[in-house]
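Some notes follow on the arrangement of the chain, the contact between its parts and a few backbone details. Please read them with the structure open.

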Amino acid sequence: MFETTAQGLADHWHAVAFAQDLKKKQSFKTKLYGIPLLLWRDTQAQVFAVADVCAHKRAPLAITCFKQNTLTCPYHGWQYKQDGRVCHIPSSPDIDLSKLNASLHTLPIRQANGLLWVYLGKGTPPSKLPLSLADPTKGWQHVQLKKQFDTSEELLIENFMDATHTPFIHRGIIRGHGAPTQHQVQLKVASHQLLASYAETTEKIGVALQLILGKNLRIKHSDAFLLPNLVKVDYAINDVPRFMAVIACNPITEGKTEALVRLSFRFGKLNFLVKRALPWLARKVLAQDFDITQQQFANQKIFAQQKDKSIDGDMMYHKMRLIRRAAQQRQAMTPSESNFKLFL
Ligand code: FES
Ligand SMILES: [Fe+2]
């Protein structure tokens, strides 16, 4: 098999692609922890994942023959079946393949909640995925975006959980109108996840939303981190869930992280408007996050000796790192709860 830098984090399912990006009879290459992966969907729409390396001389695989549902290596043409076993060697067609015992590294893969999840770990994968959304389709619309960032996965996870940068980096888009409001935040840490719940407030919203949803809205918001690298943001208005963001921060290689962003919303008659505006807005927000996290990552390398000066409001990022460190060592965090306040 192969080793990754992920250690115990590899023992968790990773969402590596949007399900709709891999159609029938298509293949798709990506990387996770520097390991090249090849995902493909056969003629029956069944999905497969392998480490992108030939059993013969370790060339990357390239050609997928969907007619026979086989993978072929472009170097000497070895062919492999869906289960990863070699089924044809063009230069030695008479060879006893059962004796050769050559096979690709196949990886467990699942499709759920619009995402393709792979498992890089050594043992049996966990029966449950990190995220299971009960009824993701009823009245909900989705927008999906993918963007590569020049930063580490932990700095990116931190960025997506961090509400305090929004009035500055995303001024006018997410927050930044009017005087800051005080928010009580409850932080719950469990072995595999962390949940920061912001107490209900009556924040200002746009006129269009007011027309549909009414005035004096009560807004409740939470940010969650789930092992290994997921951020989930939820917004409820007057106790009705209206908006959700699920973001997988996948370490491609050192200093390169790919974010898969799946935004889900349920604004009734406003859905069609939101569906049009949201991709543009989200791309703008991601571009702003790209710039600041790229500069931050570069600066952290230059000033590697300097320690961060964290305050109470930064507690959740510290805890997120502790959960990940524990998971790398195949240990679990002790559950805890704390409270703090933020002005946003
Ligand atoms: S390296 Fe793949 S067939 Fe030779
Ligand atoms: Fe941001």
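1. Annotation. The UniProt record, an unreviewed entry, lists residues 13-118 as "domain: Rieske". In this predicted model, the stretch 13-118 is 4% helix and 42% strand.

2. Division of the chain. The protein is split into domain 1, residues 7-118, and domain 2, residues 141-343. Between the C-alpha centres of domain 1 and domain 2 the distance is 34 Å. Each side has the following part in the contact: 23 residues from domain 1 and 23 residues from domain 2.

3. Buried area. About 1800 Å² is buried between domain 1 and domain 2, and carbon and sulfur atoms give 60% of that area. On the domain 1 side, the residues that lose the most area to domain 2 are Leu9, His12 and Phe18. Together these three account for 33% of what that side buries.

4. How many salt bridges does the rule find across the interface of domain 1 and domain 2? The count is 1. A salt bridge joins the side chains of Asp11 and Arg330, with an N to O distance of 2.6 Å; the cut-off for such a pair is 4 Å. Residue pairs in polar contact between domain 1 and domain 2 number 6, counting pairs with both residues at pLDDT 80 or more.

5. Elements on the domain 1 side. Strand 1 (14-18), strand 2 (26-32) and strand 11 (115-118) are the elements that give two or more residues to the side of domain 1 touching domain 2. Strand 1 supplies the largest share, 5 residues. By residue class, the side of domain 1 that touches domain 2 holds 11 nonpolar, 9 polar and 3 charged residues.

6. Backbone at Pro228. Which peptide bond is cis, with omega near 0°? The bond in question runs from Leu227 to Pro228. Pro228 sits in the loop that connects strand 15 (219-226) with strand 16 (230-237). This cis bond is worth checking by eye in the displayed model.

7. Backbone at Tyr33. Tyr33 is a residue other than glycine with a positive phi, near 50°. Where is Tyr33 placed? Tyr33 lies in the loop between strand 2 and strand 3 (35-41). Strand 2 is also among the elements that give two or more residues to the side of domain 1 touching domain 2.

Key. Residues numbered from 1 in each chain as written. Chains lettered and ligands numbered in written order. Predicted model: local features only at pLDDT ≥ 70, side-chain atom pairs only at ≥ 80, totals over all residues. Heavy atoms only, no water. Domains from an automatic or database assignment. Contact = heavy atoms within 4.5 Å. Buried area = accessible area lost by both parts, 1.4 Å probe. Polar contact = N/O pair within 3.5 Å; in protein donor to acceptor, adjacent residues only side chain to side chain. Nonpolar A, V, L, I, M, F, W, Y, C, P; charged D, E, K, R; others polar. UniProt positions renumbered as here; feature names shortened; annotations may be inferred.
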